Each structure stands twice: as C-alpha cells, then as structure tokens.
Amino acid sequence: MKKSILIVSAMMTSLIASAAIELPEIFSDNMVLQQQSDARLWGWSSPKATISVKPDWSEKSYSAKADASGRWELSVATPEAGYTPHTIRLTGDGSDIELKNVLIGEVWFCSGQSNMEMPLKGFWCQPVENAGRAIAYSGKYPGIRVATINRCGEYEPQSKVAGKWQESKPENAGEFSAVAYFFARSLTDILNVPVGVINCSLGGSKVEGWMPKWKLDEYADCDVDKEKVTPDSVLHLWERINVMYNAMLHPLAGYTVKGFLWNQGEANVGRHADYPARLSDMVKIWRDEWKQGELPFYFVEIPAWSYGNPEGSMAAMLRESQHKAAKIIPNSGCVSTTDLIYPREINDIHGSKKEEIGERLAFLAATRTYNVAGIDTDYPVFKSVDLYGNRAIIHLDNIENGLTPNGALEGFEVAGEDKVFHPADAKELWYNRAIEVSSTKVSDIKAVRYCFKNFSIGGIHNLKGLPLVPFRTDDWAE
C-alpha cells in the first residue's frame with residue numbers, strides 16, 4: 001500500500017512539474033516594454049490551458065488560451081515611459097511567475113555583423129574608444145537595459161533562443177554591444193526615458209543570413225539546401241545563409257519594438273549590385289513578421305578598411321549601394337561613417353569609434369521617429385557636376401551654411417577618358433555651395449570621385465559636423 005502511494009505521489013509531482021508556464025528568455029526580469037503600445041507576450045503551457053497576466057500598472061488582467069500545441073499569446077497595454085520598476089504576474093497551468101524590475105520605455109532591435117556585435121570591452125587587441133569611461137559610468141543609466149542574443153544558427157525556424165535582459169552597470173556593460181549601448185545612452189539623454197536594446201547580431205554574417213529560405217530560394221545564387229549538407233569545416237557558421245534568421249531572429253519576431261538598427265555589409269562586399277534589393281527584401285520580411293507596420297530601419301555605412309586592397313573600390317561601391325537602399329526602403333536612413341576612422345586602422349575592420357556611430361543613429365531616430373526638432377541629420381551629398389576641361393564644379397545638397405575645413409579640401413580624385421584616377425586639388429566655392437576640383441594631370445576631366453576607395457578617410461563636414469557622403473560621378477565598374 002505504501003509503495004502504491006509513493007508511485008501515485010511521484011506521478012502527481014511529475015504532472016504538476018510538467019503543467020507549467022514556459023516563457024522565452026527575452027521575457028525576463030529587467031526587461032523593457034515599449035511604452036504606449038499593445039506589447040506582445042507569449043509562451044508555452046499545457047494545450048488549452050488558460051494563462052492570465054496582471055501588470056502592476058493597471059487594474060486590468062489579460063488572459064489567453066493555449067492552442068493545441070501549447071503556445072499562447074496576448075497583448076498588454078503599456079503606459080507612458082517612466083523609471084518606476086514594475087512587476088508582471090503570470091498565472092495558470094500550475095504556475096505563478098513574477099517578472100520583476102520591468103521598465104516601460106523605448107525598445108530597439110539591433111542586428112548585423114561584428115561591428116554591431118562588438119562589445120564595449122572590445123575584441124582581442126581591438127579596443128572601443130572611451131570604453132573604460134563608458135563602462136565605469138554605466139550605472140548612471142539605470143534605464144538602459146540590454147538583451148544579448150546567443151550566437152547560433154539552424155536550418156529550420158526555431159521557437160526559442162537564449163538571451164536575457166541585463167541592467168546597465170559596470171559589471172554588465174562590458175559585454176554590451178558598443179554601438180547599441182551608445183545609441184541607447186544618447187537616446188536616453190535626448191528623450192529622458194528608459195531605452196532597451198536587443199542585440200541580435202553575428203560577426204561575418206551576410207544579409208542573406210538574416211532571411212528565410214522561401215525568399216532565398218528566389219535568388220539564383222543562393223542554395224540553402226546545398227549549404228545545409230556542407231561540412232562546418234568548409235563553410236563556417238557566419239558564412240552561411242538563412243541560419244541566423246532561423247535560430248536568432250525568428251524566435252524574437254513580434255517582440256514589440258519601436259524600430260530596427262542595422263550595422264552590416266562588410267560580408268557582402270563584391271555583391272553591391274544585389275545589395276539594395278536584398279536589404280529591401282529583408283526589411284519588408286522583418287516588418288511583416290513584426291506586424292507593427294512600417295517600423296523605422298536605420299543602418300550604418302560599412303567602415304573604411306583595406307578589404308584586401310586599400311586602393312580598390314569594391315567596398316566604396318557597397319557603401320554607395322547602402323545609400324541606394326536608403327532611397328528605396330521606406331522609413332529608413334543610413335548614417336555615414338567615412339570620417340570615423342584612424343589611419344592606423346587600415347587593417348582593422350573593427351574601428352574604435354563606436355560612440356559617434358551610436359550617437360548618429362540616435363540623432364536619426366530622435367529626428368525622424370520622435371520628431372525632435374533642431375538636430376541635423378541631413379548629410380552633405382553629391383547633387384550634380386559641371387565639367388570644364390581641366391576643372392569640375394561639384395554641386396552639393398545639405399550645405400546651407402558651408403563646409404569645414406575652410407581652404408583646401410582633401411579626398412578628391414579625377415579621371416579622363418582613360419579612366420585612370422589622379423589626386424585632385426579642391427576648394428570650396430562658398431558663394432554657390434559648390435566645390436571646384438582640378439588636376440594638372442588630367443586636362444579633360446570626365447569623372448570625379450570623393451573618398452571612393454576601400455580605405456579613405458573623409459575630412460569634409462558641414463558646420464554641424466556631419467561628413468560629406470562618399471560619391472562618384474561615373475558609373476564605371478572596378
């Protein structure tokens with residue numbers, strides 16, 4: 001009799017243990033929920049179980065019934081942003097869970113490759129400028145929270161991925177994405193609200209790595225099935241397509257956010273002709289999966305680096321394609337970074353100036369998403385060229401108050417019919433918002449280029465400190 005009781009007791013204990021709410025790791029203590037939204041929550045339980053959610057900021061309770069597979073989902077109305085920590089209680093199916101220290105603020109989803117992934121502590125022998133101070137003072141920003149998603153890849157869409165929220169403080173901040181953290185810090189300073197960032201990035205990944213198989217099957221050069229059977233020793237995780245989408249992004253799709261940040265492109269150098277359309281495809285797919293309308297998508301120019309040949313222009317063409325993408329992707333913008341590099345970083349693809357990149361992304365978000373007036377986010381850009389033999393006049397947009405430095409301007413090249421480029425002298429024609437370019441080596445100029453090399457540091461800015469976007473007046477292939 002005693003043995004039977006023990007067996008029944010063990011069975012009941014097992015049933016109770018299995019009858020429990022399971023949450024994705026992204027719903028954890030310290031998380032940030034998007035303010036004034038219907039923030040989505042989901043998880044798993046016993047099939048057909050009823051799950052109740054009660055946030056402490058409201059008298060209202062929310063409930064959902066799990067489907068036949070045990071998955072449930074609901075939306076919770078959130079209040080205005082604030083620094084008061086909240087608690088969310090989930091009950092049902094034998095569970096009673098409290099999510100603590102939850103803040104209401106602005107949430108951004110950050111993705112891309114290693115220049116987004118790069119933590120504040122830096123990579124091996126590759127520092128982040130001002131990181132020591134940023135980490136030391138990170139505790140002054142308790143409203144910043146970061147969720148770092150585990151690096152992984154799969155050939156089938158996954159429902160779960162590791163990655164919990166962490167508070168901004170010195171013991172945690174070193175592991176935070178530097179670009180994402182500096183973005184959050186700048187946006188916090190501008191808006192004075194908590195900011196949460198989800199860092200879902202993987203070094204070396206292509207744009208195609210963040211897209212579903214059904215779309216990749218439409219591209220003639222993409223063969224997911226072939227890659228699937230290729231040994232890891234031949235094709236590393238970061239070189240593969242589709243797998244980051246399945247394992248890292250898909251499990252998070254639908255977490256209510258304000259927008260997307262993207263820092264990627266280095267792995268697609270050489271494929272600049274395809275990049276604008278593919279990035280546009282990716283953004284549309286993401287927006288469709290999030291079901292929040294035309295979420296803003298702000299991204300970053302790839303950095304100056306040797307790319308195997310400092311004098312080559314393949315990386316410059318990819319940068320050009322990024323700005324083309326910004327013109328065809330609705331509600332998007334690209335921040336220029338040509339000036340954010342040191343000469344010594346010619347062989348370092350991970351430039352140290354992450355603070356300025358995060359800040360420029362925050363300025364873009366503040367201006368275009370939050371309608372903060374007075375912040376300049378319009379970069380000086382090429383408008384047109386007039387050719388006069390050995391002289392060329394470059395007309396620019398977004399230089400209403402002129403350029404800096406005054407005097408000689410560096411970074412220009414000119415070429416004639418032979419398509420051989422030579423360094424050019426350049427000076428600002430301040431009275432008509434233009435630049436005059438000339439060279440003693442080219443008597444009949446046919447093309448002008450500015451910072452149009454794999455490694456070229458831009459030194460020309462408008463008076464608000466925004467760099468002149470690299471450009472070319474020709475359409476010659478490399």
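The largest pocket has a volume of about 570 Å³; a pocket is an open set of points on a 1 Å grid over the protein atoms alone, where a 1.4 Å probe fits, with protein on both sides within 12 Å along at least five of seven lines. The model is predicted, so local features need pLDDT of at least 70 and side-chain atom pairs count only at pLDDT 80 or more, while totals for chains, interfaces and linings use all residues. Residues are numbered from 1 along each chain as its sequence is written, and side-chain values use heavy atoms, without hydrogens and water.

**Largest pocket**
- Helix 10 (314-328) gives the largest share of the lining, five residues; helices (H or I, at least four residues) and strands (E, at least two) are DSSP runs numbered from the N terminus.

**Second largest pocket**
- The second largest pocket holds about 240 Å³ of space.
- Of its 13 lining residues, W42, R71, E73, H250 and A253 are the closest to the centre.
- Strand 2 (38-44) supplies the largest share of this lining, three residues.

**Helices 5 and 11**
- The axes of helix 5 (residues 178-191) and helix 11 (residues 354-368), lines fitted to C-alpha atoms over the stretch in contact, come within 7 Å and cross at roughly 45 degrees.
- The contact (heavy atoms within 4.5 Å) includes F182, F183 and R185 of helix 5 and I357, L361 and F363 of helix 11.

Methods: Axes fitted to C-alpha atoms, helices over the stretch in contact; angles between N-to-C directions. 1 Å grid on protein atoms, 1.4 Å probe; cavity = no way out; pocket = protein on both sides within 12 Å on 5 of 7 lines; lining within 4 Å. Points joined across faces, edges and corners; volume = space filled by probe spheres on them.
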